[in-house]
Amino acid sequence: MILSIEQLSVSSGEKKIIDCVSLSIRKGEWYALVGQSGSGKSMLSQAIGQMLPSNLRMEGVINFNEHNMMSLSRKQLGDIRGKKLSYIFQDYQGSFTPFRTIGQHFQEYQKVHGINNKETRRMKTLEALESVGLDETFYSRYAFQLSGGQLQRASIALALMFSPDLVIADEITTALDSVTTHRILELLAKRQKESGCAILFITHDWRHVRRYATRLAIMKSGEIIESGGKHRILDHPQHEYTKQLIKAAPILEKGLPSGLDREVSYESTFC
Ligand SMILES: Nc1ncnc2c1ncn2[C@@H]1O[C@H](COP(=O)(O)OP(=O)(O)OP(=O)(O)O)[C@@H](O)[C@H]1O
């Protein structure tokens with residue numbers, strides 16, 4: 001297991017926001033976390049990287065690789081975050097400051113993680129951008145000169161820069177149109193295959209669960225109410241709430257069975 005969460009609770013004063021959650025993620029898998037708005041998905045994802053605000057109290061165990069995340073120092077957490085554990089957020093505009101070029105962001109990110117030679121950092125940046133279909137002209141562009149899809153491509157490149165074991169992708173396509181969404185998720189799937197990382201994929205969209213996930217968990221009011229393999233849950237949901245969520249989902253693409261991979265060519269067109 002890459003990640004093992006046991007009996008995790010997060011509270012604000014007397015109020016439990018996450019209630020005794022346990023889940024584990026295997027090496028290289030695509031694990032989906034599904035649930036209504038406010039159910040605690042983002043909070044759980046932030047708890048994994050120990051990024052919760054100080055007003056919240058955490059209990060339980062979070063083991064990431066061989067590390068007990070809750071007992072690490074700031075410095076140890078800093079070494080893991082970005083290198084072994086990385087995040088891609090919904091708010092891609094917020095991930096890049098407007099006054100710095102894409103290249104400067106990549107330079108800074110690598111510098112923080114100990115790559116001291118500027119030219120090495122530049123070469124690695126160009127390689128990373130190329131791996132997501134962005135050519136070298138993007139190096140000197142500012143974030144506001146990129147489309148939403150291009151910024152998410154850059155976010156994916158940044159998140160995968162140090163070949164992390166786990167990438168947490170928190171509703172990364174919510175702000176994108178459907179064609180761009182498709183291209184971004186195909187790109188993420190392709191880069192996942194190449195790098196072998198596991199993905200914790202937070203989503204509201206059952207079509208994406210059906211297409212990409214290997215296993216999933218459903219959250220409701222801070223608890224995981226059902227978890228397991230994709231086929232089992234999509235084809236035979238046990239919990240009434242899961243049944244309702246699946247029923248309320250948009251009609252799934254006709255003729256696409258729950259688990260069969262369908263080859264879709266990777267579009268390198270910039271989006
Ligand atoms: N710092 C905080 N202090 C107290 N409560 C908080 C704090 N941050 C978030 N919450 C509450 O925790 C609950 C879970 O929020 P969270 O953002 O994890 O939900 P979510 O499932 O990710 O929702 P969405 O799908 O809309 O992003 C919400 O009720 C939210 O108001």
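Colleague: How far apart are the centres of domain 1 and domain 2, taken over C-alpha atoms?

Modeller: The centres of domain 1 and domain 2 are separated by 25 Å, taken over C-alpha atoms. Domain 1 comprises 1-84 + 166-265, and domain 2 comprises 92-161. Such bounds come from an automatic or database domain assignment.

Colleague: How many residues does each domain bring to the contact?

Modeller: Domain 1 supplies 13 residues and domain 2 supplies eleven residues. Two residues are in contact if their C-beta atoms, placed from the backbone, lie within 7 Å. On the side of domain 1 that touches domain 2, the largest share, seven residues, comes from helix 7 (residues 178-195). That side has seven nonpolar, three polar and three charged residues. Here Ala, Val, Leu, Ile, Met, Phe, Trp, Tyr, Cys and Pro count as nonpolar, Asp, Glu, Lys and Arg as charged, and the others, Gly among them, as polar.

Colleague: What kind of model is this, and how are its residues numbered?

Modeller: This is a predicted model, in which local features need pLDDT of at least 70 and side-chain atom pairs count only at pLDDT 80 or more, whereas totals for chains, interfaces and linings use all residues. Residues are numbered from 1 along each chain as its sequence is written.

Colleague: What makes a stretch of the chain a helix or a strand?

Modeller: Both are DSSP runs, numbered from the N terminus: a helix is a run of H or I with at least four residues, and a strand is a run of E with at least two.

Colleague: How do you know that the span of helix 6 (residues 148-159) agrees with its number of residues?

Modeller: The expected span of a helix is 1.5 Å times one less than its number of residues. For the twelve residues of helix 6 this gives 16 Å, and the end C-alpha atoms are 16 Å apart, so the two agree.

Colleague: Why is helix 6 called mostly covered?

Modeller: A residue is buried if 20 or more other C-beta atoms lie within 10 Å of its own, exposed if 12 or fewer, and partly exposed in between, with C-beta atoms placed from the backbone. Eleven of the twelve residues of helix 6 are buried; among them are Gly149, Leu151, Arg153 and Ile156. The buried residues of helix 6 pack against several elements, including helix 4 (102-112), helix 5 (118-131), strand 7 (166-170) and helix 7.

Colleague: Why is Lys193 called exposed?

Modeller: Lys193, in helix 7, has 10 other C-beta atoms within 10 Å, which meets the limit of 12 or fewer, and therefore it is exposed.

Colleague: What is the phi of Cys20?

Modeller: Cys20 has a positive phi of about 55°, although it is not a glycine. Cys20 lies in strand 2 (residues 15-25). It is partly exposed because it has 14 other C-beta atoms within 10 Å.

Colleague: Which residues does Gln93 touch, leaving aside its neighbours within four places in sequence?

Modeller: Gln93 is in contact with Ala143 and Leu151. Gln93 lies in helix 3, and with 15 other C-beta atoms within 10 Å it is partly exposed.

Colleague: What makes a residue part of the shell around the ligand?

Modeller: A residue is near a molecule if its C-beta atom, placed from the backbone, lies within 6 Å of it. The ligand is surrounded by 13 residues, and the closest are Ser12, Ser37, Lys41, Ser42 and Met43. Helix 1 (residues 41-48) gives the most to this shell, with three residues. By class, the shell has four nonpolar, eight polar and one charged residues.
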